[in-house]
Amino acid sequence: MTDETPLLPLPERALDTTPARPWPVRVLAEKIRGYVDRMPPVWVEGQVVQFTHRPGSGMQWLTLRDTDRDMSLPITVYSRILAFLPQPPAEGDHVVVHAKPTFWTKRGTLQLQANQIRAVGVGELLARIDQLRRVLAAEGLFDAERKRPLPFLPAVVGLVCGRESKAEHDVVVNARARWPQVRFEIREVAVQGVNAVREVSDAIAELDARPDVDVIVVARGGGSVEDLLPFSNEALVRAAAACTTPLVSAIGHETDAPLLDLVADHRASTPTDAAKRIVPDVAEERLRVEQARRRMRGAVRALLDREQHGLDGLRSRPVLARPTSLVDAREREVHHAIRTARHCLDAALLRASGEIGRLEAQVRALSPASTLERGYAVVQRADGHVVRSPDDAPVGTDVRLRLPEGELGARVTSAR
């Protein structure tokens, strides 16, 4: 290319750029600055993660980070604006900033130029937490039907706590004092600050994925409302709701109530209380076993005594003391009935004998034999017909004469 070669005009739009006709860096930087300059001021909320006050400087720099994601933006603010605040912002403060986006072409950086900074008060934070609580409750994340029971004797306990924190000491020491065989999988994470939500959520998911972990405890030793905000964060609460392993929330003290307490399967008022909930007391369990044994022995002994008393009562009855007593009574009744029957039979036979004698006398008196004994005889033909007149036995007829003692044979020789 010579000096006489005319320069081609630069493309006006980004879509028109080509490898042969690119934009210089300055052009792109100016384009971005122009686009950003057209953006109106915006209210943005976040957490202050870096701020160093420079006395005597007219400009102050701080970094504002999103409370749910690992994203941040630098902010510049005039010192005279900070002078209107009750106190300069500190790291960890939640603030709302009214700022105009600006792009620095020399460094190629985007930052916000703030003209107002307002601290988010505790009342407003609590109101937002209450609003989130109502939303999550409407979704059913706090329903009792979702709560899972704690295992009676967990072999491995997953513990999410701060690094070298007193909460870790309280849970581990008290749990092992109650059940020395319990094992812990400890995940030390940030329990406050900008990384708390992500680290606690990741630790819960990691422990939940382990099949040997029977229960998970999230523990922290209390703090201010601002310190406990990560445990009311929607992302963390939903991560806890997605956990399939029974989860125990041991955040703060009795008066602290982050949303994690509501979504967890069980809430412990303190880390020490969590230790008492997740494992049984070996001494107490042994005492209960001994008490159960004593109760069972007492119940068996009472049953045996009751049955023995019943047997003694049965054995003391006459029917069992003299088993033949019932038979003896029946035997006496039978003998009495036999005697009565014999007496009645003798009386009946005596009466019948007398009656027979009387009838015999009557029969004898009316019998022909008695007549024959007086000297009479009965004449009968051979056919047994009694002869009552001479006509019944003509002359020459053979007849029988019945006498009192025997018979005589005869023949009729004459008839008159």
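Does E164 count as buried or exposed, and at what relative accessibility? In this predicted model, E164 counts as exposed because its relative accessibility is 75%, and the cut-off for exposed is over 50%. E164 sits in the loop between β6 (156–161) and α4 (166–178). Its backbone also deserves a look. Most residues other than glycine have a negative phi. The phi of E164 is positive, near 50 degrees.

Turn next to the largest pocket. Its volume is about 890 Å³. The lining takes in 38 residues. E45, T67, H94, L125 and L229 are the ones nearest the centre. β1 gives the most, with 5 residues.

The surface carries a nonpolar patch. L311, L314, V319, L320, L326 and V327 make it up. Together they have about 510 Å² of accessible area. Three helices each supply two or more of the patch residues: α9 (282–315), α10 (318–321) and α11 (325–366). V319 belongs to α10. V319 counts as partly exposed because its relative accessibility is 33%, which falls between the cut-offs of 20% and 50%.

Now the charged pairs. Side chains of opposite charge can pair when their charged atoms come close. The model holds 25 salt bridges. One of them joins R148 to D265, with the closest N and O atoms 3.2 Å apart. This pair links distant parts of the chain, 117 residues apart. R148 lies in the loop between α3 and β6, and D265 in the loop between α7 (259–263) and β10 (266–267). The two ends differ in cover. D265 counts as buried, at 8% relative accessibility, whereas R148 is partly exposed, at 25%.

D261 and R267 also meet in a salt bridge, at 2.8 Å from N to O. D261 counts as buried, with 6% relative accessibility. R267 counts as partly exposed, with 27%.

Another bridge pairs D16 with R13. Their closest N and O atoms are 3.3 Å apart. D16 counts as partly exposed because its relative accessibility is 34%.

Terms used: Residues are numbered from 1 along each chain as its sequence is written. This is a predicted model: local features need pLDDT of at least 70, side-chain atom pairs count only at pLDDT 80 or more; totals for chains, interfaces and linings use all residues. Side-chain values use heavy atoms; hydrogens and water are left out. On a 1 Å grid over the protein atoms alone, a cavity is a set of points where a 1.4 Å probe fits but cannot get out, and a pocket is an open set with protein on both sides within 12 Å along at least five of seven lines; lining residues have an atom within 4 Å of a point. Grid points are joined across faces, edges and corners, and a volume is the space filled by probe spheres set on the points. Helices (H or I, at least four residues) and strands (E, at least two) are DSSP runs, numbered from the N terminus. Patches are made of residues with over 30% relative accessible area and no salt bridge: like charges are joined within 9 Å, nonpolar side chains (Val, Leu, Ile, Met, Phe, Trp, Tyr) within 5 Å. Accessible areas come from the Shrake-Rupley method with a 1.4 Å probe; for residues, only the protein chains shown count as cover. A salt bridge is a side-chain nitrogen of Lys or Arg within 4 Å of a carboxyl oxygen of Asp or Glu. Buried means under 20% relative accessible area, exposed over 50%, partly exposed in between (1.4 Å probe, protein chains only).
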